[in-house]
Amino acid sequence: MLRWLARIEWATVISTIALVAFGVLMLSTTADPNTQGLENQAVQKAVLGALGLALAFAMAQIDYRGLHGLAAPVYLVGVSALVVVLLVGDFDLGARRWFELGPIVVQPSEFMKLAAIVAFAKYLSDRSDSARSLRTVMVSLGIMLIPACLIFFQPDLGTALIFGAIWMAMVFVAGARWWHLLTPVVIALAAFPFAWFFAQDYMRQRFVTFLNPSSDPLGAGYNVLQARISIGSGGWFGHGLGQGSQSQLEFLRVRDTDFIFAMLGEQLGLAGTIGLLAFFTLLIVQALVIGLRARDMFGRLLAIGIAAMLFSQSFVNIGMNVGLMPVTGITLPLVSLGKNSLLVTLLSVGILLSIHSHRGAAPFRQQSMHVVRGSLPAAGPRGVLGR
Amino acid sequence: MSGTRRALLLGGAALAANTALAARLWQLQVVESDTYRAQAAQNRARTRPIQPLRGLIYDRNRTPLVANAPVFSVWLTPADLPLEREGPVLANLAVLTGERLVDLRFKLNQARLAPDVPARLARAVPRESALTIEERRQDLPGIAVRTGTRREYAHGDVFGHILGFTGPIPAEDVQTYRGQGVRFDEDIGLAGIERSLQTQLRGRDGEQRLETDAFGRALHELSFTPPQVGRHAVLTIAVNEQKAIREILARHLALRERGAGAVVVLRPDTGDVVAMVSLPDYDSNIFTRGASSESFALLVSDPRRPLINHAISGLYPPGSTYKVIAASGALEAGVVLPQSKIHCDGRLILPDGWAFDDWLPQGHGLVDLERAIAESCNIYFYNVSGGNPYTRLQGLGNRRLAEFERSFGFGQRTGIDLPGEASGLVPTSEWKNKNLQQPWVTGDTYHAAIGQGLVQVTPLQIASMYAAIGNGGRVMRPRLVDRMLDHHGNVADRTPPQVRGVLPISDTNLQLLQAGLYRAVNEPQGTGPRARSAHTVVAGKTGTAEYSGARDAEGRLPSHAWFAGYAPAEQPEYAFAVLVRDGGEGSFAAAPIARDIVDYLVTGDMPPLPQNRPDFISPDHRL
């Protein structure tokens, strides 16, 4: 047991626990006071967080390289689930994003993020000798675009863009040429006017609102403006837990999910927001460090992908709350209400822990593949931060 | 293993991005925090102005002339009405309230200036509409029905021109009223006393601050300042007298085709208004209840202009009622002695060929001042005002005549507590040069002396002049408002009688005028025998004021009929001016009206119908 615990990367665990705790704290202030026990959304989150963390601890003991073989099946299951949800998913809030499995609501796009990270990691590490070739970039782009397009049509533009960010980070670290990466960006920018023409109304509206939320305070800009007012009125230390007129009188809408950060800003002030930002930064930095220290390219790319996922989601969400990013409906990982997102993020943390605890383990299976491909030595050079 | 540098590069980028977020948080939560704090407070607290009840208006005997009747009004809190739903909501309201869509849109745009303050969209909606709106609250976000008040006038038909009415602020005046703390959605006094006493009747707003949640639900009260109820006005007029005098005028005018006229009765000593009538008139209630468009169109299109209070705003030549001014001027200036006689042979032809006639073609013979007044001899007043080149009589002259006219209160407003009073015109050579680019001639002075030509006066000015002659020479400011009461009924403000000026006439000369006015009514040769009362002694003067219009069959110009005077002749209690517009001879058309009014005021009984009198002469039989 002690040996197990010694293999845990504690900075990662502590920042994860802290972020989940922030979420539980915020949800407890908005929970319906009539609910008891497991009906209470804050209790639910705490329990699920604890279970997920236990799962992550268990995953730390299992070699992440088992995922290498699972990559293709997991990817295919994920894409199938996305197709299914598009066809028969629950239509809610103008989108098909969920379906119900008994009492559980499943949001395939959340799991797909992790599945895509594993798939990229496998493909890119398998082809690390030809990482600089255009073919590698194009194939991996295809792997990304299939789920991203399915999610785009739900419609959920925000999550689809997160896929792009993850892919870009992983391909970049895998060693793609600069211009291979910049070309899609340039194309995307050039395509913007056309995209604008074909975009759904809500997307255009969100973009306009992002540029000037005051233009329509009761319409689409309402949430952005109220979020900014909530955060700003928090000041240094906030109004205190459960206090603050913006969130308590519900001027701030979607306060449990998209705008939970604004609620935190109002109740706990700059101390709370900077604290939360610090824990996110710590978690992301730890993920990168774990990636740098990983014993193989597969592990490194997995960790980079997870870091990219955590960063892109938290940055887009907080940026939206403070008015630096358009409203995209991206939730704050670990903190927001969504259970699918929490579970997937904790699974990702489990993978990180596994990569860390197996950084010095003897290679198996994968090494033979490398040998067969005859490209890389079994263990790469130590990361610069390695001991 | 490859990618280490690139991974570090990504880490650096993430750190930089999060540092940017931290900087933004610093900006929002430290640098700009006060702004957002204020906005949050504004989100949460809603100020609801509490409008005070408008003060009432009473007659002299404390009979209420107006009440605040409860009505359902429709209010909007713009903050609760999303922009994209404005169109359908306003369209629905236009149907439910009967208000015009453009008006609703204007009010909404005004209301958006203070989005969290409820604004009144419709003043009085029928009960059924109010219930429908309440039932459909879900479809009408931000709309609420509240009870409000509407002015209801107890004697609106009799007091129309005096009380006026209230109504929504005209769009072009909204800014002005906002400066005075009056909201755009209020009713304000638009005419009459309601307008002239607007500020006092309105009172001062109270304020209720409520904590509300994001859905506009009021949670609890943060503070409450009660409104200051408007003051009540007590008029100098009594309902029964005003009503009876209006009825008397109406009966006489009813004998004519499209009869129109005005009466003003004053208390000579104080200037108190006893009655003020301008016919045809309107009922104040049609404006507050919402006039049917036909009755409103009728009011607007009537060429007699019933919406105007002709007693104070109508301008007419005063005719012979004006002669007392030239008379007193001539006496005071020593142009003539009281006993001096001037020969009247019915016509005065100036050397340049212009002829000036008397109303009596054969002339009055030798007349002194008293007889000139009593018999209204034009030639006498031509002589004393403009002079006579044949007898070398030096007249008063235009300049001094104008001074006397002004000292009798002409050419200026009397200062009555009503809006829209006209000041009239005292013509002078300067005025004529400037406005007509013509030189002043002797004939102009002649005409001014007999109240013709360029002179223009209001009936109120004439009544005020005769009140001054009757009371011994004090020109009083006509008093319509006796006092203002606070909401406990205590006197908050009393308007004392106010002397505007003193006639520049010696007592002896004033008595000569009074004697002339007595003789005009009570001597056989006088012009006003039809004003003679069986119950008291009337003194007064007729007037037949020609004005430019279509001549009749005998080639005479149309004329307004006047009678002005006071009663009783000794110690007068009432001074009056009666005008029958296009009424013909003052002695036939106006004098009987004055007599009936005096009879009524002295006895308290309604006089018999004019056509039932033995001396009745139909207005169709012109002399």
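Phe72(B) stands opposite Thr147(B), a residue of strand 5 of chain B.

Strand 3 of chain B covers residues 66-76 and is joined to strand 5 of chain B by 11 bridges, in the antiparallel sense. In general, the strands of a sheet pair through backbone hydrogen bonds, and the pairing is either parallel or antiparallel. The sheet in question is an open one of 3 strands in chain B, in the order 4-3-5, with antiparallel pairing. Its edge strands are strand 4 (119-125) and strand 5 (143-153) of chain B, each of which pairs on one side only. From one strand to the next, the twist averages 40°.

Two helices of chain B lie across strand 3, strand 4 and strand 5 of that chain: helix 3 and helix 5. The table gives the angle of each helix to one of these strands.

| Helix of chain B | Residues | Strand of chain B used for the angle | Angle |
|---|---|---|---|
| Helix 3 | residues 86-97 | strand 4 | about 25° |
| Helix 5 | residues 127-135 | strand 5 | about 165° |

Chain B also holds an open sheet of 5 strands, in the order 12-11-23-22-21, with antiparallel pairing. Strand 12 (273-279) and strand 21 of chain B are the edge strands, and each pairs on one side only. Neighbouring strands of this sheet are turned by 10° against each other on average, with direction ignored.

How many bridges join strand 21 and strand 22 of chain B? The two strands pair over 8 bridges, in the antiparallel sense. Strand 22 of chain B covers residues 559-567.

Is strand 21 of chain B largely enclosed or left open? Of its 8 residues (539-546), 7 are buried, so the strand is largely enclosed by the rest of the structure. Buried here means that 20 or more other C-beta atoms lie within 10 Å of the residue's own. Strand 21 of chain B is thus described in two ways: it is an edge strand of its sheet, and 7 of its residues are buried.

The next topic is the contact between the chains. 34 residues of chain B are in contact with 47 residues of chain A. On the chain B side, helix 1 (4-31) and helix 2 (33-44) each supply at least two residues. Helix 1 of chain B gives the largest share, 17 residues. By type, the chain B side divides into 17 nonpolar, 10 polar and 7 charged residues.

Chain A contains 15 helices and 3 strands. It has 387 residues, of which 50% count as buried. Among contacts in chain A with a separation of 6 or more, 71% are between residues 24 or more positions apart.

As for confidence, chain B averages a pLDDT of 89, and 97% of its residues score at least 70. For the complex, the predictor gives an ipTM of 0.85 and a pTM of 0.65. Where pLDDT is low, the predicted coordinates should not be read in detail.

Terms used:
Residues numbered from 1 in each chain as written. Chains lettered and ligands numbered in written order. Predicted model: local features only at pLDDT ≥ 70, side-chain atom pairs only at ≥ 80, totals over all residues. Buried ≥ 20, exposed ≤ 12 C-beta atoms within 10 Å, placed from the backbone. Helix = DSSP H or I, 4+ residues; strand = E, 2+ residues; numbered from the N terminus. Pairing = 2+ DSSP bridges. pLDDT = per-residue confidence, 0-100. Axes fitted to C-alpha atoms, helices over the stretch in contact; angles between N-to-C directions. Contact = placed C-beta atoms within 7 Å. Nonpolar A, V, L, I, M, F, W, Y, C, P; charged D, E, K, R; others polar.
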